[in-house]
Amino acid sequence: MTRSFDATRPVPADVIEHLVALAARAPSAGKTQGWHVVVLEGGQTAGFWDITLPQERRQGFVWPGLLAAPVILLPLADPQAYLDRYSETDKVATGWGDDVGAWSAPYWTIDTSMAIMTLLLGAQDHGLGTLFFAVSRNEPVLRERLGIPARLDLLGAIALGYAQQDVVRPGRSAPRRRRSAEEIIHRGRW
Ligand SMILES: Cc1cc2nc3c(=O)[nH]c(=O)nc-3n(C[C@H](O)[C@H](O)[C@H](O)COP(=O)(O)O)c2cc1C
């Protein structure tokens, strides 16, 4: 993840479109593709930060270069799209079309997460840096300001742009050891 961006290098609009088109190739349950993304660029990102990281909290903020990201993407999952899709004739037998509580797993979150990961990998291929991060403050205000419908789940935010090469400030979790494949794999059975 990148937490310091070059404010002087915008991301071309066609690259953003390409990354979203790539993300749309991610697998989705019943090919529902129930996700959306709000794209904030240029001056619009300042509005995002004003709400989610108010001025009085910026003093001690450890990654000031994060606010220089030229693009913020807000991925949104649409549970209703899944209810609608699973009410169609080929899926109605699942019984999942009526109530999100009936689902064995929240496929809208899973699918949107897969799309996000595809976008992050695509960005890496384009030499771009990204940070996926939580919108942990003032989400209701942000949603109101951007007109995000209540039915959509905001999964987080993605900062996107060219990394500021000379500023390397690792995240707090960075020293944690990366688990090996052997630790993760359970061959044949748990
Ligand atoms: C669901 C999720 C939430 C995250 N939230 C934050 C966050 O709020 N702030 C942040 O700096 N990084 C956040 N991260 C990034 C992780 O800290 C990062 O991926 C992890 O430390 C591994 O670092 P690396 O991806 O650079 O290897 C989040 C990642 C995920 C998947």
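These legends walk through several close-up views of a predicted model.

**View 1. The whole chain, before we zoom in.** Residue numbers start from 1 along each chain, following the sequence as written. Since the model is predicted, local features need pLDDT of at least 70 and side-chain atom pairs count only at pLDDT 80 or more, while totals for chains, interfaces and linings use all residues. The protein has 7 helices and 5 strands, where helices (H or I, at least four residues) and strands (E, at least two) are DSSP runs numbered from the N terminus. Reading from the N terminus, the order is α-β-α-α-β-α-α-β-α-β-β-α. The C-alpha trace spans about 55 × 45 × 35 Å along its principal axes. Of the 190 residues, 26% are buried; buried means 20 or more other C-beta atoms within 10 Å of the residue's own, exposed means 12 or fewer, and partly exposed is in between, with C-beta atoms placed from the backbone. Take the contacts with a separation of 6 or more: 85% of them join residues 24 or more positions apart. A contact here is a pair of C-beta atoms, placed from the backbone, within 7 Å.

View 2. UniProt, in an unreviewed entry, places "domain: Nitroreductase" at residues 2-162. UniProt positions follow the numbering used here, feature names are shortened, and annotations may be inferred rather than shown by experiment. That stretch is 36% helix and 16% strand, and its end C-alpha atoms sit 9 Å apart.

**View 3. Around the ligand.** Who surrounds the ligand? Met1, Leu131, Phe132, Phe133, Ala134, Gly156, Gly171, Ser173 and Ala174 do, each with its C-beta atom, placed from the backbone, within 6 Å of the molecule. The shell splits into 6 nonpolar, 3 polar and no charged residues. For that tally, Ala, Val, Leu, Ile, Met, Phe, Trp, Tyr, Cys and Pro are nonpolar, Asp, Glu, Lys and Arg are charged, and the others, Gly among them, are polar.

**View 4. The largest nonpolar core.** This core has 32 residues, and those with the most contacts inside it are Ala69, Ile72, Leu73, Ala159 and Leu160. A nonpolar core is a set of buried Ala, Val, Leu, Ile, Met, Phe, Trp, Tyr and Cys residues joined through C-beta atoms within 7 Å. At least two core residues come from each of α1 (13-23), β2 (71-77), α4 (79-85), α5 (107-125) and β5 (157-161). Helix α5 gives the largest share, 6 residues. Skipping neighbours within four places in sequence, Ile72 contacts Leu40, Thr45, Phe48, Ala157 and Ala159.

**View 5. Helix α5, end to end.** Buried along α5 are Tyr107, Trp108, Asp111, Thr112, Ala115, Ile116, Leu119 and Ala123. An α-helix has 3.6 residues a turn, so residues three or four places apart point the same way. After α5 comes Gly127, with a positive phi near 75 degrees.

View 6. Val39 belongs to strand β1 (residues 35-41), and Val71 to strand β2. Val71 counts as buried because it has 24 C-beta neighbours inside 10 Å, whereas Val39, with 16, counts as partly exposed. Leaving out residues up to four places away in sequence, Val39 touches Ile16, Val71 and Leu73.

**View 7. Tyr86 in its loop.** Tyr86 lies between α4 and α5. Is Tyr86 buried or exposed? Tyr86 is buried, because 22 other C-beta atoms lie within 10 Å. Beyond its neighbours within four places in sequence, Tyr86 contacts Gly30, Lys91, Thr94, Trp96 and Gly97. Asp98 is 12 residues from Tyr86 in sequence and 8.4 Å away, C-alpha to C-alpha.

**View 8. Two loop residues with positive phi.** Most residues other than glycine have a negative phi. Lys31, in the loop between α1 and β1, has a positive phi near 50 degrees. Lys31 counts as exposed because it has 9 C-beta neighbours inside 10 Å. Asn138, in the loop between β3 (129-133) and α6 (139-146), has a positive phi of about 60 degrees. Asn138 has 15 C-beta neighbours inside 10 Å, so it counts as partly exposed.

How values were computed
Contact = placed C-beta atoms within 7 Å.
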